[in-house]
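Here's a quick tour for anyone opening this model for the first time. Have a look around, then read on.

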Amino acid sequence: LNPVSMGGKETVLRWTGTALLFLPYGIFPFPRVSSFFADVYYGHDSLELVRFRRQWLPIFASWVLLLPDILLLTSDEKDNTILIWKIFVLYAYILLPMLVCMWRPDAKLPLDTGDIITVLLLAVPLISNYYTCLLPDVILKIKEDWPPISMLQLTALNAGLVVFAGLRPLADLGYTACLNLRDFARILAGITLAATILLPLGYATRSFATPIMLFHSFPKSSAFVLGLAKFVAVLVLVSLPQEILFRGVIQNLLHSRFEASSAIAKYTTEGSNHEIPSALNVVSYPSYSAIGPNVEDLQLELNDSVYAKQRGFEDVHSYFFSRGICYWFLLPTLRDWAALILAAIIYAVAVVDHRRWGDGIGVEFGMSLVMGLACGYTWRLTSKVTASALVHAVVLYVGLDYLGINIGLTLAAGGVCRQHARHVGLDLVVFFS
């Protein structure tokens, strides 16, 4: 093929792969999608169909998630041997968390060994890739100083959504576009909390540069459109992926485990007077493992048409929040604060660049911790990662573009691994010039 036709082919592969990469990310906010996925996977009709779905639906989902990666890697890698190896590594990364869910009985407590392994399989390789170049990646550049599109990060996000919104659905994940007045009030409270701590801390440590004019190099007529477009890019490519992992999954499981342990303790002391199922963040589907031998238990469950409805945080604590508007902004129990603080520490440890601990990383760690507290506080009150992602995006966007905050000691500044990830143009810059 001549260079012109090859260039055209690569462009088509790149655009098609990018569009497919955003497809699962874009459809899961619709509640019917995740509920349909879970209903198909946990359906209770004939035993043969249930066994077939439990064994093959995760594998089929892994094939769907791998398709855009194949297109993007093909547009980037010319050596077929290396290309096949990269595809194999990425497929193993996608499939392993789903296999763990296939083996995990649904009746387990939240944050059991299966949950921990699943989270580690999704998060550790992704974070480690900043240091070790463990996984292949293709970086699609939108515009200078804008967050790029990372194939690996979006693949990890899609795999996490399939696992924790479909195969092992979590209550209160909250990946939804439906926000009400109470949610926006809590979002404002989260932004205020972050600003109250971060602004004095930033100026005291001289982390802020001289305030700059946003998009000063562009005509005034296009400044608003460019600013809005960049904010959306920050929200979609940085804030939402981080919030889904650290708040929607990790903090969610911590809260659920603490609630379950408390419920079990009350149940053992108060007996049947305490309702234990409502405190457990477990969907009451059949506890059949796709690989396990418990066929008799499954058949009994298939004949039982009564399934408990999963209750969320707002439902469990509805009496507390109905006391008045002031209670909208308070966490009901000390367990909620403990899970919030622990999740914020995990977030701060994960996002700082551990290669540069001697370069004064304490300030960046502290700011990341405050960001985790503000976003975790917002998520816990709203039970929606889209709400906490708006807090994250506003704080990050204002800090970077208006205050000139230095994030040089975080993973976000260093970008993903440069050894295997090649920056390729997506020709999107023409839309923002």
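## Thr382, tucked away

Let's start with Thr382, which has a relative accessible area of 6% and so counts as buried, since the cut-off for that label is under 20%. Keep in mind that this is a predicted model.

Thr382 belongs to helix H13, which covers residues 362-382. Its side chain reaches the backbone nitrogen of Lys384 at 3.3 Å. Leaving aside residues up to four places away in sequence, Thr382 touches Asp183, Arg186 and Ala387.

## Over to helix H7

Asp183 and Arg186 are also on the list of buried residues of H7. What covers them? The cover includes H13, along with helix H10 (313-316), helix H11 (318-321) and helix H14 (385-401).

How does the span of H7 work out? Its 24 residues (181-204) should span 34 Å at 1.5 Å a residue, and the end C-alpha atoms are 35 Å apart, so the two agree.

Now for the ends. Asn180 caps the N-terminal end of H7, with a side-chain oxygen 3.1 Å from the backbone nitrogen of Arg182. Just after H7, Arg206 takes a positive phi of about 55 degrees.

## Zooming out

The protein chain has 15 helices and three strands. Of its 433 residues, 52% are buried. Among contacts with a separation of 6 or more, 79% join residues 24 or more positions apart.

Note on methods. Residues are numbered from 1 along each chain as its sequence is written. This is a predicted model: local features need pLDDT of at least 70, side-chain atom pairs count only at pLDDT 80 or more; totals for chains, interfaces and linings use all residues. Side-chain values use heavy atoms; hydrogens and water are left out. Helices (H or I, at least four residues) and strands (E, at least two) are DSSP runs, numbered from the N terminus. Buried means under 20% relative accessible area, exposed over 50%, partly exposed in between (1.4 Å probe, protein chains only). Contact means heavy atoms within 4.5 Å. A polar contact is a pair of N or O atoms within 3.5 Å; within protein, one must be able to donate a hydrogen and the other to accept it, and residues adjacent in sequence count only if both atoms are side-chain atoms. The expected span of a helix is 1.5 Å times one less than its number of residues.
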